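Take a look at the model first, then follow each solution step by step.

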Amino acid sequence: MSTTKFSRGGTLTKTIEELVCSPSLVGGLQPASFATVNILLSITTFLGNSLIIVALNKESALHAPSKLLYRCLATTDLLVGLATQPLYVTYWMSVVHEHWTLCHYAVRATYIIGSALCGVSLLTMAAISVDRLLALLSGLRYKEIVTLKSVYIIIASFWVLCLVASLCTIFDQRITALYTRILIPLSLLISLVSYTKIFRTLRNRQGEEHDQLQPSQPSVLNMARYRKAVHSALWIQSVLVVCYTPYLVVGIVVTYTTTYSSHFGVALAMATILVHFNSTLNPFLYCWKISEVRRAMKQTIRQALCCPWS
């Protein structure tokens with residue numbers, strides 16, 4: 001088992017870049033196999049999320065602003081399949097051919113695009129949790145507060161913020177590192193607070209309904225459908241956290257360690273694949289947990305198979 005020692009002088013991005021392009025750590029990892037896995041993930045991610053975007057465009061039962069948030073999430077996953085995963089394949093092929101200059105460029109490009117898409121995904125998931133909370137608390141005013149125009153503006157601001165912060169890696173990696181350290185905890189905190197408030201409110205309302213002697217007036221919000229929507233969003237968020245946690249743990253290890261073995265290279269490669277796998281998995285989660293998307297997906301596939309020319 002080989003070991004490699006790195007100084008702590010650089011940033012997290014620089015250290016990971018040195019690690020994954022170090023012949024002593026990645027030379028025995030069977031890079032061709034990792035490249036093959038990422039090619040398969042790239043294809044399935046592209047196909048799955050393309051179908052989801054088409055299905056969401058056709059589906060009219062979902063509230064338009066909420067549907068737009070899911071379309072944004074599916075778009076980030078689609079771009080993972082179109083850009084991030086092919087760049088990661090390029091990285092592994094550069095390892096196969098020991099082209100270390102290309103290796104560094106591929107890793108840097110993967111980090112820039114991947115961090116931008118990851119940031120948009122996390123912020124969009126936080127926005128979905130806030131959207132579900134507003135739907136519960138605002139009642140009839142929900143459609144006045146959460147408009148399609150306002151959601152477009154919010155999503156556009158997410159993309160601008162994440163793209164600018166990620167591109168800052170080219171000039172000063174500390175800016176991107178700071179953005180990452182603030183964005184990830186903030187997004188997760190917003191989601192945690194929102195879902196906690198949602199479930200507490202639902203529990204309180206359920207208790208009030210049991211205490212009433214007379215049945216209350218029909219609620220503006222279809223509670224059964226609302227609960228299902230909340231659980232669907234929470235499932236998608238939970239799977240994202242599970243898939244991203246190993247990579248975050250590896251990042252923490254990189255921050256506080258200076259000597260690495262070849263096992264660390266395997267752990268980093270597997271953690272990165274798990275992050276990419278989240279984008280492949282999301283279309284299946286949409287179909288499983290959101291009945292409207294599942295119905296539109298079946299219709300889209302049926303039309304594509306029966307009438308591919310139309």
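**Exercise 1. Describe how helix 5 and helix 7 pack.**

Step 1. The crossing of helix 5 and helix 7 is right-handed (a crossing is right-handed if the near helix is turned clockwise from the far one by less than a right angle, and left-handed if anticlockwise). Helices here are DSSP runs of H or I with at least four residues, numbered from the N terminus.

A word on the source: this is a predicted model, in which local features need pLDDT of at least 70 and side-chain atom pairs count only at pLDDT 80 or more, while totals for chains, interfaces and linings use all residues. Residues are numbered from 1 along each chain as its sequence is written, and side-chain values use heavy atoms, with hydrogens and water left out.

Step 2. The two axes, of helix 5 and helix 7, come within 8 Å and cross at roughly 150°. Axes are lines fitted to C-alpha atoms, for helices over the stretch in contact, and angles run from 0 to 180 degrees between N-to-C directions.

Step 3. Helix 5 is therefore roughly antiparallel to helix 7 (angles over 145 degrees count as roughly antiparallel, under 35 as roughly parallel, 65 to 115 as roughly perpendicular and the rest as oblique).

Step 4. Now list the contact (heavy atoms within 4.5 Å). Helix 5 contributes residues including I112, L123 and A127, and helix 7 contributes residues including F158, W159 and L167.

Step 5. Sorted by class, this contact of helix 5 with helix 7 has 12 nonpolar, 4 polar and no charged residues. Ala, Val, Leu, Ile, Met, Phe, Trp, Tyr, Cys and Pro count as nonpolar, Asp, Glu, Lys and Arg as charged, and the others, Gly among them, as polar.

**Exercise 2. How do helix 4 and helix 7 pack?**

Step 1. Their axes lie 9 Å apart, at an angle of about 25°.

Step 2. Helix 4 and helix 7 are therefore roughly parallel.

Step 3. Their crossing is right-handed.

Step 4. Among the residues that meet are A64, P65 and L68 in helix 4, with L148 and V151 in helix 7.

Step 5. The contact of helix 4 with helix 7 has 11 nonpolar, 1 polar and no charged residues.

**Exercise 3. At what angle do helix 3 and helix 4 cross?**

Step 1. The axes of helix 3 (residues 31-58) and helix 4 (residues 64-96) cross at roughly 160° and come within 8 Å.

Step 2. Helix 3 and helix 4 are therefore roughly antiparallel.

Step 3. The crossing of helix 3 and helix 4 is left-handed.

Step 4. The residues of this contact divide into 21 nonpolar, 9 polar and 3 charged.

Technical notes:
Helices (H or I, at least four residues) and strands (E, at least two) are DSSP runs, numbered from the N terminus.
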